[in-house]
Amino acid sequence: MKRVLALVLTILLAGAVLPGYAQEGARQALTPENAAQLVELIRLGRGSTDHVAFSPDGQTLAVAGTVGVWLYSATDLGTLTEPPLLDTQGIAKAMAFSPDGALLAVTTDDGLQMWDVAALSLSGTAPLKRTCEALAFSPDGSTLAFNLGYDGVMLWDVATGAEKVSLAGNMQSNGVVVFSPDGARVAGSTTDYKVHLWSTADGSETAALAGHTGYVYDLAFSPDGATLASASYDKSVRLWDTAAGVEVAALAGTEAAPLDQAYSVAFSPDGSTLASGHAKGQVALWDVGTRALTTAIAAGAGDIVGLAFSPDGAQLVSASSLHSVALWDVASGAQTAATAGHTHYISAVTFSPDSAQLAITDWDLNIWLWDTAAGQQLNFSPAVPEATTTGLRNETMLAYTPDGRVLASTNGFEVLLFEAVTGAPIGTLDCNGTLASLAFSPDSSLAAAATSQGLYVFNVSSQEQLAFFASNDWLNEVAFSPDQTLIATAGKDHTARVYGLP
């Protein structure tokens with residue numbers, strides 16, 4: 001990985017000093033004298049999508065992730081214009097709207113933040129003794145519950161900012177805490193796969209529900225509070241009678257409609273439908289009365305880590321671990337909208353030789369081309385065919401040919417070539433072994449690839465392999481001489497080798 005990052009940095013810096021850079025007339029070249037004055041001009045991408053929630057009135061969708069918390073209009077989820085951002089100055093670990101929708105509570109590694117939603121301003125902060133990955137408001141808004149992992153669950157007085165009750169338990173740190181609709185009980189899961197119910201009045205445990213054989217990631221009370229749903233890594237969704245403290249149903253996939261690990265659950269506002277989110281992008285809708293699977297939605301890739309119904313029950317929002325948020329029509333199971341601009345890990349960036357374009361790639365197999373002057377996206381194209389699995393194609397490097405006509409992308413095993421302007425695929429440079437470095441000749445006609453097996457030389461136009469030189473160990477770097485008469489490699493075998501015509 002260090003080699004890849006070093007190569008990306010090398011490419012980026014090389015692009016910054018090419019003669020074409022001077023074409024950006026209004027932009028100053030960086031020098032040792034002015035580099036201390038650098039500022040961030042633009043941020044491309046909206047980060048991950050780790051948590052999602054409807055506001056109580058259903059008008060706003062909060063999406064929390066690595067950048068902060070975005071507040072989308074529920075009717076304009078796919079906007080290319082950036083929605084309002086609550087800049088949490090850190091990764092948002094958990095969030096919850098107050099019952100009146102006026103406040104949004106957010107936790108980061110630094111503690112609790114209370115945001116005024118209308119003013120988009122921070123109204124208060126408080127430290128927490130541990131990082132909190134789940135929190136919830138009580139139905140009357142007076143109390144916040146925090147999941148503090150090994151330190152149990154803390155009930156916090158919103159008005160005074162003081163601890164009210166501490167609930168002991170070895171909590172699953174990435175499991176949720178939820179209040180019953182009447183606020184009398186709070187539920188959470190422990191590392192022994194049990195679901196616990198406590199009294200919010202005095203912190204006494206009222207039930208310990210056993211039955212799951214894997215971690216329990218999500219919990220949801222039915223609107224009447226009589227039933228608690230739990231989603232588990234054991235691939236089941238279980239329903240519990242909260243008064244009797246017993247299991248009433250285990251919902252699982254069938255041979256015809258298999259379901260994978262369950263990460264999220266949500267009841268519809270009328271309590272008739274239960275939604276569950278699973279691994280491999282699956283969303284299931286269940287009839288609570290008959291406990292039958294009514295709809296199976298293929299929501300894409302990744303784990304469905306968050307679900308929420310709109311207040312009228314007509315729509316369902318899902319958040320995927322592969323950084324997408326989608327809106328679904330509950331009646332038909334059809335997708336009605338999806339967010340734009342959220343990304344997986346950004347793995348490589350490089351400038352075009354004239355500095356007019358910036359190319360970005362991520363682990364979701366995407367390549368973006370941006371206009372550096374206008375700060376606008378030029379195109380958005382898949383880096384690889386849809387049939388290629390994600391696990392085989394995490395893009396790690398980008399490079400332009402010196403003439404700016406071709407853009408190369410690699411996952412470390414093969415090199416894909418694209419037309420730089422249109423994004424259309426040109427072909428593939430096939431290498432054996434793991435690719436560590438890629439260099440184009442000054443006239444853009446040749447490509448040299450340094451791999452764990454040796455040096456490959458290709459014709460860029462035809463993608464034909466022209467030469468191969470085996471190495472005893474990894475090659476770490478490759479470079480053309482400025483006059484294009486020589487190719488040099490640096491190897492892990494403690495050698496530097498130079499190749500040229502006899």
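Strand E30 (residues 357-362) has six of its six residues buried, so the rest of the structure largely encloses it. Buried here means under 20% relative accessible area, exposed means over 50%, and partly exposed lies in between (1.4 Å probe, protein chains only). Strands (E, at least two residues) and helices (H or I, at least four) are DSSP runs numbered from the N terminus. The model is predicted: local features need pLDDT of at least 70, side-chain atom pairs count only at pLDDT 80 or more, and totals for chains, interfaces and linings use all residues. Residues are numbered from 1 along each chain as its sequence is written, and side-chain values use heavy atoms, with hydrogens and water left out.

Both faces of E30 are covered, with Gln357, Ala359 and Thr361 buried on one side and Leu358, Ile360 and Asp362 buried on the other. E30 pairs with strand E29 (residues 346-351) in the antiparallel sense over five bridges; two strands pair if DSSP finds at least two bridges between them. Within this pairing, Thr350 has Ala359 in E30 as its bridge partner. E29 and E30 form a hairpin with five residues between them, and in the turn Ser355 has a positive phi of about 70°.

E37 pairs with strand E38 (residues 446-451) over five bridges in the antiparallel sense, and Phe440 stands opposite Ala447 in E38.

Next come the aromatic rings. The structure holds eight aromatic pairs. Rings of Phe, Tyr and Trp (its six-membered ring) pair if their centres lie within 6.5 Å; planes under 30 degrees apart count as stacked, over 60 as edge-to-face and the rest as tilted. The ring centres of Tyr193 and Tyr215 are 5.3 Å apart and their planes stand at 85°, so this pair is edge-to-face. Tyr193 lies in the loop between strand E14 (185-189) and strand E15 (195-199), and Tyr215 in the loop between strand E16 (205-209) and strand E17 (216-221), so the pair ties together parts 22 residues apart in sequence. Tyr233 and Tyr263 also form an edge-to-face pair, 6.4 Å centre to centre with 70° between the planes. Tyr233 is partly exposed at 41% relative accessibility, whereas Tyr263 is buried at 13%. Ring pairs link Tyr217, Tyr233 and Tyr263 into a cluster.
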